[in-house]
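This report covers strands, sheets, aromatic pairs and a pocket, in that order after an opening question. The sequence and the structure come first.

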Amino acid sequence: NWVFGWRAGINFNQSPAQPFLSEIHDIGNDSTPSTFPQAVSDCNGKLLYYIGGDTLVWNKQNNLLNTMGEMKFGNFNNLFIPAPCSDSQVYLFIVRSDIDSPGLDYFLLNNNMDSGRGDFEKYRIHITDSFGKGMGFIKHKNDTDYWLLFKTSIYTMHAYLLTKKGI
């Protein structure tokens, strides 16, 4: 699934791919372009969660997750990573780049919570206060774990190992 723009989405589980309306309202408009929207699907391609450029997280039924509330960080980057060795958990990493409170935080989402609709299992776990320029991830050579890569300057990148025990 791909969620983008103003209330737009495409479901690739059907042939041909089918559009659907998402409930993202703050992902951008004509005067404010979207920043860093993300979506994550399960191994069968079924949508689990998506996030707009406003840090509001939506579930597979296009419902806002209540526990995230109206948390806003200013400019940021975000990234979903499946939890290693888990069919029910997904990490959400958020880079906060506002001057008063920079850093890297994560949230753990559990697909089994809220009667299978998903919700936050862990909320805003702080990793570092460093200013972030961006992030990405790659699979570990063991083909189970992941490396989270966090760029803090043109010359500096930090790597965090994400395993079934956490980060």
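Is Phe107 buried or exposed? Phe107 has a relative accessible area of 0%, so this residue is buried (buried means under 20% relative accessible area, exposed over 50%, partly exposed in between, with a 1.4 Å probe and protein chains only).

The model is predicted: local features need pLDDT of at least 70, side-chain atom pairs count only at pLDDT 80 or more, and totals for chains, interfaces and linings use all residues. Residues are numbered from 1 along each chain as its sequence is written, and side-chain values use heavy atoms, with hydrogens and water left out.

**Strands and sheets**

The protein chain has 13 strands and zero helices (both are DSSP runs numbered from the N terminus, helices being H or I with at least four residues and strands E with at least two). Along the sequence, the pattern of the protein chain reads β-β-β-β-β-β-β-β-β-β-β-β-β. Of its 167 residues, 41% count as buried.

Strands of a sheet pair through backbone hydrogen bonds, either parallel or antiparallel. Here two strands count as paired if DSSP finds at least two bridges between them.

Strand E5 (residues 47-51) pairs with E6 over three bridges in the antiparallel sense, and Ile51 stands opposite Val57 in E6.

Another open sheet has three strands in the order E11-E12-E13, and the pairing is antiparallel. E11 and E13 (157-162) are at the edges with a single partner strand each, so one side of each has no neighbour in the sheet. The twist in this sheet averages 20 degrees from one strand to the next. Strands E11 (residues 134-139) and E12 (residues 146-151) pair over six bridges in the antiparallel sense; the bridge partner of Gly134 is Lys151 in E12. The hairpin of E11 and E12 has six residues between the strands, and in it Asp143 takes a positive phi near 65 degrees. E12 also pairs with E13, in the antiparallel sense and over six bridges. There, Trp147 stands opposite Leu161 in E13.

**Aromatic pairs**

A pair of aromatic rings is described by the distance of the centres and the angle of the planes. Rings of Phe, Tyr and Trp (its six-membered ring) pair if their centres lie within 6.5 Å; planes under 30 degrees apart count as stacked, over 60 as edge-to-face and the rest as tilted. By this rule there are eight aromatic pairs, including the following.

| Pair | Centre to centre | Angle between planes | Class |
|---|---|---|---|
| Phe93 and Tyr106 | 5.8 Å | 45 degrees | tilted |
| Phe107 and Tyr123 | 5.3 Å | 75 degrees | edge-to-face |

Phe93 lies in strand E8 and Tyr106 in strand E9 (residues 103-110), so their pair ties together parts 13 residues apart in sequence. Phe93 and Tyr106 are both buried. Ring pairs also link Tyr91, Phe93 and Tyr106 into a cluster.

Phe107 lies in strand E9 and Tyr123 in strand E10 (residues 119-128), so this pair ties together parts that are 16 residues apart in sequence. Whereas Phe107 is buried, with 0% relative accessible area, Tyr123 is partly exposed at 38%.

Strand E10 also contains Arg124, which counts as partly exposed at 35% relative accessibility. Arg124 and Leu108 are 8.5 Å apart in space, C-alpha to C-alpha, and 16 residues apart in sequence.

**Largest pocket**

On a 1 Å grid over the protein atoms alone, a pocket is an open set of points where a 1.4 Å probe fits, with protein on both sides within 12 Å along at least five of seven lines; lining residues have an atom within 4 Å of a point. Grid points are joined across faces, edges and corners, and a volume is the space filled by probe spheres set on the points.

The largest pocket has a volume of about 290 Å³. It is lined by 19 residues, of which Asp42, Cys43, Pro82, Ser86 and Asp87 are the closest to its centre. Strands E4 and E8 (89-96) each supply at least two residues of this lining. By class, the lining of the largest pocket has nine nonpolar, six polar and four charged residues (Ala, Val, Leu, Ile, Met, Phe, Trp, Tyr, Cys and Pro count as nonpolar, Asp, Glu, Lys and Arg as charged, and the others, Gly among them, as polar).

Note on methods: Axes fitted to C-alpha atoms, helices over the stretch in contact; angles between N-to-C directions.
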